Amino acid sequence: MRKLFILSLLLAFFSFTVDKGINNSAHTCASSWGFYGHKRINRMAVFTLPPELFSFYKSNIEFITEHAVDPDKRRYAAEGEAPRHYIDIDHYVNEDEDPFTVVPEKWDEAVRKYSQDTLEAYGIVPWHIEVMTNRLTKAFRNKDLDNILRLSADIGHYIGDAHVPLHTTENYNGQLTGQLGIHGFWESRIPELIAEDWDYFVGQASYIEAPLNRAWEIIKQSHYALDSVLAFEKELTTAFDTDKKYSFENRGAVIMKVYSIEFTKAYNAKLNGMVERRMQQSIQSVGSFWYSAWIKAGKPDLEDLLSKPISKKLDEEFSRVNAAHNARKIKGRIHNE
Ligand SMILES: [Zn+2]
């Protein structure tokens, strides 16, 4: 029932986006990777871990899975949450420049160059991944169960987001190139239709010496894939009749306009497995960031945490986030319509 509910929320959001031809901001509205994708990424990341860590994460796998979408829920409740999910790296350069040589890797240098306000306006995901890794290391060192679990789930979300090409551009929903709706198309519609067949066993987690540098590498790979993401959709749109590009599907009591199955499959084929690959790389990265934080903390033995439940305080905090998310979601819909 709960699964069905979440799926219907995801579908409702996606369909709404396409149907209205708007998405006032993927940066404030969309659940990147969809709830389905984020949960799958966190869940499968557990299976990349070495035995010393595996039993701890395995015994908490439902928590890690369920809370993979908390950062998107918090967008409705917490000030400053939204920019942690993306970076509009192309904002900082002209078309012929390489943003990765222009934007400083380190936060302090970037603040000096552009100001903190500017960085927050255009997204901070690589720096936030570093901050979260440091916090997770500290939580491991203190054997702080609440924070190990909460931060592991959260960091999985941000790392997943960083793997999405449309999370690295000002043209995040194709709104600058006449391709509105492409955000949800790439990261939700494709997984929704095809991801059940994908391979999620991606090998082992590996140690990351420099988390900030790795976060930038992920952003770079995402950004370099952006050209194909946009160009292929455009090419296919030209090749398809408009009435074949979209179709109508029954979603509960409502008929929604969605990208057709035919168009979605053709796009996925043209991308040559890109969405699956980015999802697999997300899984491997998430496991590697968890593993590295634990190593940096001195490989603490987590055996005695296995039987401990999370605190009442954390449980109450989750209830508040859920309540705010549900209330705001309804308001947002009415406002948008
Ligand atoms: Zn997100």
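Predicted model: local features only at pLDDT ≥ 70, side-chain atom pairs only at ≥ 80, totals over all residues.

Colleague: What phi does K143 have, although it is not a glycine?

Modeller: Most residues other than glycine have a negative phi. K143 is not a glycine, yet its phi is positive. The value is about 50°.

Colleague: Does K143 count as buried, partly exposed or exposed, and why?

Modeller: A residue is buried if 20 or more other C-beta atoms lie within 10 Å of its own, and exposed if 12 or fewer do. K143 has 15 C-beta neighbours inside 10 Å, and therefore counts as partly exposed.

Colleague: S115 is not a glycine either; where is it found, and what is its phi?

Modeller: S115 is found in the loop between α7 and α8. Because S115 has 11 C-beta neighbours inside 10 Å, it counts as exposed. Its phi is positive, at about 85°.

Colleague: How many helices and strands are there in the protein?

Modeller: Of the 337 residues, 41% count as buried. Among contacts between residues at least 6 apart in sequence, 78% join residues at least 24 apart. As for the elements themselves, there are 17 helices and two strands.

Colleague: How far does α9 reach from its first C-alpha to its last?

Modeller: α9 has 17 residues. At 1.5 Å a residue, the expected reach is 24 Å. The model comes close to that expectation, with a reach of 24 Å.

Colleague: Against which helices do the buried residues of α9 pack?

Modeller: The buried residues of α9 include W127, I129, M132, L136 and F140. Charged E130 is also one of the buried residues. The buried residues of this helix pack against α7, α10, α12 and α16.

Colleague: Which residues have the most contacts inside the largest nonpolar core?

Modeller: In soluble globular proteins, nonpolar side chains tend to be buried together. Here the largest nonpolar core has 65 residues. Those with the most contacts inside it are I41, I129, L136, I155, A162 and W290.

Colleague: With which residues is I129 in contact, leaving aside its neighbours within four places in sequence?

Modeller: I129 belongs to α9, where it is buried. Its contacts include P211 and A215, which are buried residues of α12.

Colleague: At roughly what angle do the axes of α9 and α12 cross?

Modeller: Two packed helices are described by the angle between their axes and the distance between the axes. The axes of α9 and α12 come within 8 Å. Their crossing is right-handed. The angle is roughly 145°.

Colleague: Which residues of α9 and α12 meet, and how many of each class are there?

Modeller: From α9 come P126, I129, E130 and T133, and these meet P211, L212, A215, W216 and I219 in α12. By class, the contact has seven nonpolar, one polar and one charged residues.

Colleague: Against which helices do the buried residues of α12 pack?

Modeller: α12 has 14 residues and reaches 20 Å from its first C-alpha to its last. Its buried residues include R214, W216, I218 and H223. They pack against α9, α10, α13 and α16.

Colleague: Is Y36 buried or exposed?

Modeller: Y36 lies in helix α2. Its C-alpha atom is separated by 9.6 Å from that of A68, 32 residues apart along the chain. Because Y36 has 21 other C-beta atoms within 10 Å, it is buried.

Conventions
Residues numbered from 1 in each chain as written. Helix = DSSP H or I, 4+ residues; strand = E, 2+ residues; numbered from the N terminus. Expected span 1.5 Å × (residues − 1). Contact = placed C-beta atoms within 7 Å. Core = buried A, V, L, I, M, F, W, Y, C linked by C-beta atoms within 7 Å. Axes fitted to C-alpha atoms, helices over the stretch in contact; angles between N-to-C directions. Left-handed = near helix turned anticlockwise from the far one by under 90°.
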